[in-house]
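Biologist: Please take a close look at one strand in this protein. Tell me what it pairs with and how it sits in the whole.

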Amino acid sequence: MNSENFALSEKLVSSSYIRQGSQARRSHEQLIRHLLEQGKCPEDGWSESTVELFLNELAVMDSNNFLSNCGVGEREGRVASSLVARRHYRLIHGIGRSGDIAAVQPKAAGSSLLNKLTNSVVLDILKLAGVRSVATCFVVPMATGMSLTLCFLTLRHRRPKARYIIWPRIDQKSCFKSMITAGFEPVVVENALEGDELRTNLEAVERKIEELGAENILCVHSTTSCFAPRVPDRLEELAAMCAKYNIPHIVNNAYGVQSTKCMHLIQQGARVGRIDAFVQSLDKNFMVPVGGAIIAGFDESFIQEISQMYPGRASASPSLDVLITLLTLGANGYKKLLSERKEIYSFLAQELKTLASAHGERLLHTPHNPISLAMSLDGLQAQSEKAVTQLGSMLFTRQVSGARVVPLGKEQVISGYTFHGFMSHSEAYPCPYLNTASAVGITREDVTLCMKRLDKCLKTLKKEQSAVTGGSPVPPASQEDAPGE
């Protein structure tokens with residue numbers, strides 16, 4: 001209620017009570033005012049009542065919620081189900097206009113304000129997470145792969161003769177298909193094995209640039225967050241190389257916002273060389289439903305070009321979800337989640353190392369990967385190749401989600417391209433292994449329960465093999481035999 005309505009209320013209820021209610025209302029409004037003034041994530045999270053009050057205030061600014069609205073167009077924000085309307089807080093018009101996802105909608109001042117505030121708050125979080133010099137960003141209602149495609153399509157207008165994208169190999173389908181969908185030819189550069197780690201082969205990248213000609217290359221497409229034993233690309237060196245040859249550089253930072261190391265790599269890459277845009281998922285970094293990503297960069301004009309490339313209006317759901325989440329957490333709440341994730345990474349590493357040792361395996365040494373870990377499965381491989389893949393099935397049926405079992409020599413064809421050793425980021429990684437990850441939101445209980453179930457699965461497989469061989473199980477690989485040692 002406004003001040004006039006509060007004054008009228010004093011005729012019905014004691015003025016002292018009304019003043020108390022008015023002061024409570026002002027405390028909510030003060031938080032909203034700070035958000036509008038600063039455009040930053042609040043230090044401390046808001047209560048649900050404040051968030052809902054704010055969203056309701058935004059919703060009544062959209063034309064579909066005007067009490068006297070008379071809609072005669074083809075898109076008037078009509079919703080048949082009241083359940084759907086409530087699910088979206090009656091913010092029905094979406095974001096952007098037909099020519100620009102960042103444009104303001106005349107029919108939807110509230111939704112447009114939501115869009116602007118979300119982008120501003122997310123930009124503040126990217127800076128807080130470590131990319132201090134990022135200039136701008138926007139939330140796009142597509143997951144990471146399609147968002148990368150949008151970046152490549154935008155670069156097409158700047159480099160119409162280019163047909164190749166140089167891509168240090170990472171075995172993840174969507175980032176590969178993002179290049180194919182955009183109509184470009186991926187040039188796969190195999191990684192270099194250093195100890196247990198798979199790292200960027202800088203010499204091979206530069207050879208490809210010289211072989212193909214810089215003017216024929218759309219961009220270098222690098223990666224930060226990835227499954228061990230692959231580690232983040234050498235962004236500083238790649239960024240310097242892109243600056244040297246005047247080639248754009250797009251970074252797939254899918255779940256890297258939660259890692260200070262990944263964000264530091266992007267910051268340093270932009271400082272010493274060239275990074276045109278970096279793309280990150282909303283669900284992986286902010287614990288919201290799948291369907292949104294953030295496209296960010298250091299040149300406002302290029303990021304604006306990308307937003308203008310998006311055809312038509314867009315769903316506001318991803319923007320709404322991430323704004324609600326960040327207002328509820330606050331900057332301090334999000335920083336706490338990042339800190340807890342890092343602590344549990346150390347706990348997971350220690351637990352996995354102990355378990356691996358108990359089964360004659362070892363934790364692969366991948367210090368440059370700050371999120372993912374891998375444990376060798378040489379002992380299972382010695383039993384049989386089937387035992388390795390069976391472990392993955394056993395974990396899944398025992399409700400251990402996210403763990404990846406990577407066998408030797410798997411072949412995969414994607415859009416006509418054949419990958420040998422698929423899932424291992426290498427044509428011939430020395431051993432099969434199991435992946436786990438310490439991602440934002442993970443708990444110590446998750447780790448403990450996973451280790452307990454993994455231990456049981458490994459023991460079961462050994463018993464089965466022992467029964468097959470008449471009580472003489474094949475001994476697991478020793479520490480001395482392990483690759484990379």
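**A strand and its partners**

Modeller: Strands here are DSSP runs of E, at least two residues long, and helices are runs of H or I, at least four long, both numbered from the N terminus. The model is predicted, so local features need pLDDT of at least 70 and side-chain atom pairs need 80 or more, while totals for chains, interfaces and linings use all residues. Residues are numbered from 1 along each chain as its sequence is written, and side-chain values use heavy atoms, without hydrogens and water.

Two strands count as paired if DSSP finds at least two bridges between them.

Strand 14 has another partner. Strand 11 (residues 404–406) pairs with strand 14 over three bridges, again in the antiparallel sense. Here Arg404 has Asn435 as its bridge partner.

Is strand 14 buried or exposed? Four of the five residues in strand 14 (residues 433–437) are buried, so the rest of the structure largely encloses the strand. Buried means under 20% relative accessible area, exposed means over 50%, and partly exposed lies in between (1.4 Å probe, protein chains only). In a regular strand, side chains alternate between the two faces of the sheet.

Now the whole protein. It has 16 helices and 14 strands. The C-alpha atoms fill a box of roughly 90 × 55 × 40 Å along the principal axes. Of the 485 residues, 52% are buried. Among contacts with a separation of 6 or more, 73% link residues 24 or more positions apart. A contact means heavy atoms within 4.5 Å.

Val272 gives a view from a helix. Val272 sits in helix 10 (residues 260–272). At 36% relative accessibility, Val272 counts as partly exposed. Setting aside neighbours within four places in sequence, Val272 contacts Glu236 and Ala240.

Last, confidence. The average pLDDT (the predictor's confidence in each residue, from 0 to 100) is 93, and 96% of the residues score at least 70. Over residues 473–485 the pLDDT is below 50, though this stretch has 26 contacts in the model beyond near neighbours in sequence. Where pLDDT is low, the predicted coordinates should not be read in detail.
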